[in-house]
Amino acid sequence: MDNKIIGSASLNSVSLKDKEKHRGVIGLSILKEYWGLAIGNILFSTIIELGKEAQYKQLELQVVSNNTSAISLYKKYNFIKYGENPKAFLNRENKYQSIDYMRLEIE
Ligand SMILES: CC(C)(COP(=O)(O)OP(=O)(O)OC[C@H]1O[C@@H](n2cnc3c(N)ncnc32)[C@H](O)[C@@H]1OP(=O)(O)O)[C@@H](O)C(=O)NCCC(=O)NCCS
């Protein structure tokens, strides 16, 4: 083992304002050479459990609309799409990339 970091998962408050602090935002990424090894499942289920422990009422994330692997992972854990921004990113080829907004109600 070479002790390298192969993935990360983050969970942050949308905001510290009283009216928004029930909302947590998740970020997730794994190095490509380690995809398909169930690491995504482990990290994502763990971050949801941490979100419950932290007493968030809703977890949220954004994902590029054509990222079918990630969307499949999020749906597996009952996240639902609630919106889409078709012109969220403008890439170097001057093409727009769409973003899906997903959420999970914890209670
Ligand atoms: C999305 C990502 C986190 C998945 O991680 P992973 O370790 O490969 O995922 P796992 O092997 O644990 O698989 C978890 C689920 O992801 C989905 N999935 C993974 N690979 C897939 C593929 N090739 N096709 C379709 N779905 C796939 C499935 O729902 C799978 O569930 P299953 O195990 O019951 O089949 C990983 O591909 C990644 O880091 N991608 C780049 C960054 C990224 O897209 N981050 C998310 C942006 S918000």
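## Residues around the ligand

In this predicted model, the ligand is surrounded by 19 residues. The closest of them are I30, G36, N67, S72 and K76. Sorted by class, the shell around the ligand holds 10 nonpolar, 8 polar and 1 charged residues.

Several elements of the chain take part in this shell. At least two residues come from each of β2, α1, β3 and α2. The largest share belongs to α2, which supplies 6 residues of the shell.

## Backbone contacts and burial

Backbone atoms of the protein approach the ligand at several positions. At L28, a backbone N or O atom lies 2.9 Å from a nitrogen atom of the ligand. At I30, which is also among the closest residues to the ligand, a backbone N or O atom lies 2.7 Å from an oxygen atom of the ligand. A backbone N or O atom of L37 is placed 3.3 Å from an oxygen atom of the ligand. Taken alone, the ligand exposes 920 Å², and 67% of that area is buried by the protein.

## The largest pocket

Where does the ligand sit? Its place is in the largest pocket of the model. This pocket has a volume of about 510 Å³, and 21 residues line it. Nearest to the centre of the pocket lie I30, W35, S69, A70 and L73.

The lining draws on β2 (23-30), α1 (39-53), β3 (58-64) and α2 (68-76), each of which gives at least two residues. Which element supplies the largest share of the lining? That element is β2, with 5 residues, whereas the largest share of the shell around the ligand comes from α2. The shell around the ligand, by contrast, includes 1 charged residue.

## The chain as a whole

The chain contains 2 helices and 5 strands. Read from the N terminus, its elements follow the order β-β-α-β-α-β-β. Both helices, α1 and α2, contribute to the pocket lining and to the shell around the ligand. The strands β2 and β3 likewise contribute to the lining and to the shell.

Along the principal axes, the C-alpha atoms of the chain fill a box of roughly 40 × 40 × 25 Å.

Conventions
Residues numbered from 1 in each chain as written. Predicted model: local features only at pLDDT ≥ 70, side-chain atom pairs only at ≥ 80, totals over all residues. Heavy atoms only, no water. 1 Å grid on protein atoms, 1.4 Å probe; cavity = no way out; pocket = protein on both sides within 12 Å on 5 of 7 lines; lining within 4 Å. Points joined across faces, edges and corners; volume = space filled by probe spheres on them. Helix = DSSP H or I, 4+ residues; strand = E, 2+ residues; numbered from the N terminus. Near = heavy atom within 4 Å. Polar contact = N/O pair within 3.5 Å; in protein donor to acceptor, adjacent residues only side chain to side chain. Areas by Shrake-Rupley, 256 points an atom, 1.4 Å probe, with all protein chains shown as cover. Sits in = over half its atoms within 2 Å of the grid points. Nonpolar A, V, L, I, M, F, W, Y, C, P; charged D, E, K, R; others polar.
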